[in-house]
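Hi everyone, thanks for coming. I'd like to walk you through one model today, so please have a look at it on the screen.

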Amino acid sequence: MTRDLLTRRAALGALGAGGLALSGCDQLSQNQTFKRMLEGAEKLSLHGQRLVLNSSQPMAREYQASDISRDFKANGTTKPDSEDYRRLAMNQFSDWQLKIDGLVKKPISLSLADLKAMPSRTQITRHDCVEGWSAIGQWSGVPLSHLLESAELMPNAKYIVFRCADDLEQSRDGSGLYYESIDLVDAFHPQTIMAYAMNGQPLPVPHGAPLRLRVERQLGYKMAKYVMRIEAVEDFAKIGFGKGGYWEDRGYEWYAGI
C-alpha cells in the first residue's frame with residue numbers, strides 16, 4: 001500500500017474514531033481536523049500518482065457483474081430543483097444538449113442520442129465516498145477523451161471544468177451551481193467517461209441523469225452529476241471561489257486520488 005493511500009485512509013479512520021456522524025459532505029467540509037488531514041494528504045497523493053503516470057496509465061480495479069452492489073446510495077443532490085431541469089426530465093431529456101466549449105477549436109453541442117451513437121465504454125468499478133462508504137456499479141458512456149478530441153483542445157487548455165444543473169444553495173443568480181474540474185491526465189485516462197447508463201439501464205435521476213462524470217481513480221465527490229457543459233480552461237482561479245470545485249471551495253482538496 002502506498003504512503004498516500006495510507007495517509008488518506010488514516011484521515012478517514014480518524015474521523016470514525018472521533019465519532020463524527022458521517023451524514024453528508026457538508027458536515028465533513030466544516031470539520032477542521034478533516035480539512036487539515038486532507039490538505040496534507042493531497043500533496044502526497046498527487047505527487048505519488050503523477051510520478052507513476054510518467055511511465056504508465058494505471059487502471060482502477062474493475063469487477064465482475066456478480067459484484068455489483070444491490071444498494072448504491074445516491075449522494076448529494078438527488079433531483080435538481082429547477083424549472084429547466086424538471087422540463088428536461090419530463091421529456092426524458094430529448095431536448096437536453098451537452099455543450100463543449102472554452103479553449104477548444106470546435107465548440108460543439110450534443111444530444112443524448114448523439115452521445116449514445118459515439119464509441120462507448122462499459123466498466124464495473126467501485127465508488128468510494130469521502131463519507132467512508134463504498135459501492136460497486138456498472139457504468140456505460142462516452143470516453144471523455146473522445147469528446148475532447150472531437151472539440152480539439154487549444155494548446156493552452158490545462159483543465160476540464162464540468163458545469164452542472166444542481167444548485168445546492170438554491171441561489172437566484174446561479175452562484176451555487178455545482179461544478180468540478182480535473183486535469184488533462186485524468187481527462188484522457190481510458191476509464192474517465194461521461195456516463196449515460198448505470199447497471200445496464202438509463203442513468204437514474206438520483207445518480208445524475210442524463211449525464212455524469214466517472215473519473216474512477218478519485219473519490220466520489222469529483223464525479224460530477226447532471227453535467228450540462230464541459231469547458232476547457234487554462235486555470236480555474238476565477239471560477240467559483242477559485243479552488244476548482246464546489247466542495248473544494250468549501251475546504252475539500254482538489255485532487256482526491258485513491
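**The sheet, the core and a glutamate**

Let's begin with the sheet: 5 strands make up an open sheet with mixed pairing, in the order β2-β1-β10-β5-β6. Two strands count as paired if DSSP finds at least two bridges between them, and strands (E, at least two residues) and helices (H or I, at least four) are DSSP runs numbered from the N terminus. At the edges sit β2 (108-111) and β6 (177-183), each pairing on one side only.

A word on the source: this is a predicted model, where local features need pLDDT of at least 70, side-chain atom pairs count only at pLDDT 80 or more, and totals for chains, interfaces and linings use all residues. Residues are numbered from 1 along each chain as its sequence is written, and side-chain values use heavy atoms, with hydrogens and water left out.

Back to the strands. β1 (residues 97-102) and β2 run antiparallel and are joined by 4 bridges; Leu-98 has Leu-110 as its bridge partner in β2. Overall, the protein has 7 helices and 10 strands.

Now, which residues touch the most other members of the largest nonpolar core? They are Leu-98, Leu-115, Leu-144, Leu-147, Phe-162, Met-194 and Ile-230, out of 54 residues in that core. By nonpolar core I mean buried Ala, Val, Leu, Ile, Met, Phe, Trp, Tyr and Cys residues joined through side-chain atoms within 4.5 Å. Buried is under 20% relative accessible area, exposed is over 50%, and partly exposed lies in between (1.4 Å probe, protein chains only). Strand β7 (residues 193-198) gives this core its largest share, 6 residues. A second, separate core has 7 residues, including Val-161, Val-233, Trp-254 and Tyr-255. Across the protein, 50% of the 258 residues count as buried.

My last stop is Glu-216, in the loop between β9 (212-214) and β10. Is Glu-216 buried or exposed? With a relative accessible area of 4%, Glu-216 is buried. Beyond residues up to four places away in sequence, Glu-216 touches several others, among them Ala-60, Arg-126, Trp-139 and Ile-258; touching here means heavy atoms within 4.5 Å. The Glu-216 side chain also makes polar contacts with the side chains of Gln-123, at 3.1 Å, and Thr-125, at 2.9 Å. A polar contact is a pair of N or O atoms within 3.5 Å; within protein, one must be able to donate a hydrogen and the other to accept it, and residues adjacent in sequence count only if both atoms are side-chain atoms.
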